[in-house]
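Please read this report with the structure open beside you, and follow each part of the account on the screen as it comes up.

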Amino acid sequence: MNIYADRGNLLMLERRCAWRGLDFKLTASGLGEPLDGTAHDLFYLGGGQDRDQRLCAEDLLAHKREGLHIAARRGAVVLGVCGGYQLLGSSYVLGSEEIPGVGLVDVRTVRHEGPRLIGNVAIEVELDPGTPARVLAGFENHGGRTHLGADERPLGRVLRGHGNDGHSGFEGVRRGNVIGTYLHGPLLPKNVWLADWLIATALRIDIAALAPLDDAFEDLAHVGARRAAGL
Amino acid sequence: MKAPLAPTLALARSLGALSRLRGGGGTSAPGKLLMRLDPGAIGALAGRLTRGSVVISATNGKTTTAAFTSGILRHHGISLVHNRAGANMAGGIASTLLDAAGPRGAIRGELGLFEVDEYWLGDLVSQLRPRAILLGNLFRDQLDRYGELESIAERWAGTLDADPAREARLVLNADDPMVADLGRAREGTQREAEVLYYGVEDDSLALAGMAHAADAKHCRRCGAPYVFDAIYLGHLGHYHCPSCGQRRPAPSITAADVALEGVRSARFTLHTPTGRADVQLALPGLYNVYNALAAAALAYALDIPLPTIVAGLQATAPAFGRAESVTVAGRSLRILLVKNPTGANEVLRTLALEPGQHDLLGVLNDNIADGRDVSWIWDADFELLAGRLRRVTCAGTRAAELAVRLKYAGIDPAAIEVQPDLAMALDTAVASGSSGPEESDPPPLYALPTYTAMLSLRQLLVSRGEARSAWS
């Protein structure tokens, strides 16, 4: 699925690897194709419109569910953004139906009578224990309300915006290297530190071992996204 | 419906003028007041038009398609009431009608020509009761404002299925599966002949694959992915559904032998059931061929003869910000509006046809009229400009994100400067051409602004005496 410019996230990972001399290969997994959970270091699920999402949901369950579980078990990074986040959970409601998800995380998404949750958003996250909290800034646009199971931890705390359900004060989900978030589309171009965290985690190396890059524009873009969210 | 009373019109006019004097509101202020004073005002005023109304809606190309249509109809001697300034929601259309209204039920103009915002189509069709409705395309635009693409298609289908649209002539783009499918409801009915399709027939234009911004890849009827036999622009092209058999309807108004001449012009052969003719446009790009073709189809539906259609299309100059050229401090600056990925891709594709190096002023705003979400720039193929840009100045409220986009598109970061302030950015962009004695002839300078950025740029140029006012 690719509706909210998911390409920006992939481009970000690809270029930043290439500039550091790291070999990066992007493989698309199309409808009907099985997914080998041992063949890749990072799995990305993007957003989609309702019709696309239904097709993807059926396909994920039929052909990719097993592969994604294998990937998560071996510590590969699985990143679900927007619709991809909803599909990672145990179930979600589309129209009048409740559809089972991939079930990598105990997360349920329901439809709500209220308005879509739309706008700039900023959240505070602590990806590694003991490290200072960092800010993720982006844009959310979702009709569904996502509820975490009792044992599930959110990705972060909402500083500005709506988050998972508009009132819990939490955004996204994080279990090991499985991450789901409503911060859609070009999340990484606005949060270059997360791009590097994902690269390092996928490669199982310390983030400090990544060669530094000139991120002057990226840092300015992050400031711009924070400012847009009112931070 | 009772006619609005003259005092109501006068009151709305003077209050509107007052609020404009105080710097509040734009062209739609008097119309919004009028609607508050008399909610039936649009219908009542439109009812005075002796030749009725036509409406044009699309994600991309509304203003230019309306400009082409205006060129044709005026050439035919029809006087128009036309929301030329692009104020295309109810308030703007009410203002346009208010401006044209005279005393005792009079109105200056025979036919209403209205470009209508996608979201407002149903509301305005029910008030304007148009005799013809032209629907051009549905691309992903400002999702934060409108919800998703398919919900707009559903709204449109509902509008067309209800009175008074059921009585209107429909002009639909055969090449957009979501738009063409809206004619299905009339298939097999006695109104079937009232649907006119237009489309491009030129295999040489077909793109290798779906562009990144492509939408509507799945059949509206059965959900299966479409098979595209040719793609011309975004998801516009020749398609069929392998599952339910839905096909692109055969258009009766077509463009063939299209020749794109960089950022300056385009040519094509216009085929209609009554004959064919060569058309030379003063506007560039395949997207403007689509706009001209749409206007030709609408004019054909209004029984305008072919030679008049051709003359009107050829006499149409760019609408403001749509490939318009101005001179700034002795340097020629061409302004190309970009507001969503498909539109931006066509501008970039057109720009890439120009030989040599370019200078660029990119202005990315995230105001409400631009869409607060700037994600779309990541779906625009700025990669087409890699290796082709000498200097880039990024401006606007989200200038830095545009700089990041260009950097990851393969443009040398050393050539990029971030200057959020538009006035300073314009100075920088213009000056970077004349500096350095070794560069006697600076490369052409292009501005790619989002919607509100285009309005600001325009205002800036007017205040510096570099461009005539768009509102004059």
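Chain B contains 15 helices and 17 strands, and its radius of gyration is 22 Å, close to the 23 Å that the globule rule gives for 472 residues, so chain B is as compact as a globular protein of that length. It should be kept in mind throughout that this is a predicted model.

Chain A, in turn, has 6 helices and 12 strands. The C-alpha trace of chain A extends over about 50 × 40 × 30 Å along its principal axes.

**The two domains of chain B**

The domain assignment divides chain B into domain 1, residues 36-314, and domain 2, residues 322-463. The C-alpha centres of these two domains of chain B lie 29 Å apart, and the domains touch through 29 residues of domain 1 and 27 residues of domain 2. About 2,200 Å² of area is buried between domain 1 and domain 2 of chain B, and carbon and sulfur atoms give 49% of that area.

Which side chains form a salt bridge here, with 3.0 Å from N to O? They are those of Arg264(B) and Glu354(B). Across the interface of domain 1 and domain 2 of chain B the count is 1 salt bridge, and there are 6 residue pairs in polar contact, both residues being at pLDDT 80 or more. On the side of domain 1 of chain B that touches domain 2, the elements giving two or more residues are α4 (62-75), β7 (227-233), β9 (253-261) and α10 (286-301) of chain B. Of these, α4(B) gives the most, with 3 residues. Sorted by class, this side of domain 1 of chain B has 12 nonpolar, 10 polar and 7 charged residues.

**Where chain B meets chain A**

The contact between the chains takes 34 residues from chain B and 35 residues from chain A. The area buried between chain B and chain A is about 3,100 Å², with carbon and sulfur atoms giving 53% of it. The table sets out the computed values for the two interfaces.

| Interface | Buried area | Share from carbon and sulfur |
|---|---|---|
| Chain B and chain A | about 3,100 Å² | 53% |
| Domain 1 and domain 2 of chain B | about 2,200 Å² | 49% |

Side chains of opposite charge can pair when their charged atoms come close. Between chain B and chain A there are 4 salt bridges, while a search of the whole structure finds 29 salt bridges over all chains. One of the pairs is formed by the side chains of Lys407(B) and Glu218(A), at 2.7 Å from N to O. This pair crosses between chains, running from Lys407(B) in helix α13 of chain B to Glu218(A) in helix α6 (residues 216-228) of chain A.

The count of residue pairs in polar contact between chain B and chain A, with both residues at pLDDT 80 or more, is 11. On the side of chain B that touches chain A, at least two residues each are supplied by α7 (143-146), α8 (149-161), α13 (399-408) and β16 (416-418) of chain B. The largest share of that side, 7 residues, comes from α13(B), the helix that also holds Lys407(B). By class, the side of chain B that touches chain A consists of 14 nonpolar, 5 polar and 15 charged residues.

**Two details of the backbone of chain B**

Two places in the loops of chain B can be looked up by residue number. The peptide bond from Asp163(B) to Pro164(B) is cis, with omega near 0°, and Pro164(B) lies in the loop between α8 and β5 (169-173) of chain B. Arg104(B), for its part, has phi near 50°, which is a positive value in a residue other than glycine. Arg104(B) is found in the loop between α5 (90-100) and β3 (111-115) of chain B.

Terms used
Residues numbered from 1 in each chain as written. Chains lettered and ligands numbered in written order. Predicted model: local features only at pLDDT ≥ 70, side-chain atom pairs only at ≥ 80, totals over all residues. Heavy atoms only, no water. Contact = heavy atoms within 4.5 Å. Buried area = accessible area lost by both parts, 1.4 Å probe. Polar contact = N/O pair within 3.5 Å; in protein donor to acceptor, adjacent residues only side chain to side chain. Helix = DSSP H or I, 4+ residues; strand = E, 2+ residues; numbered from the N terminus. Nonpolar A, V, L, I, M, F, W, Y, C, P; charged D, E, K, R; others polar. Domains from an automatic or database assignment. Rg over C-alpha atoms; globule rule 2.2 N^0.38 Å.
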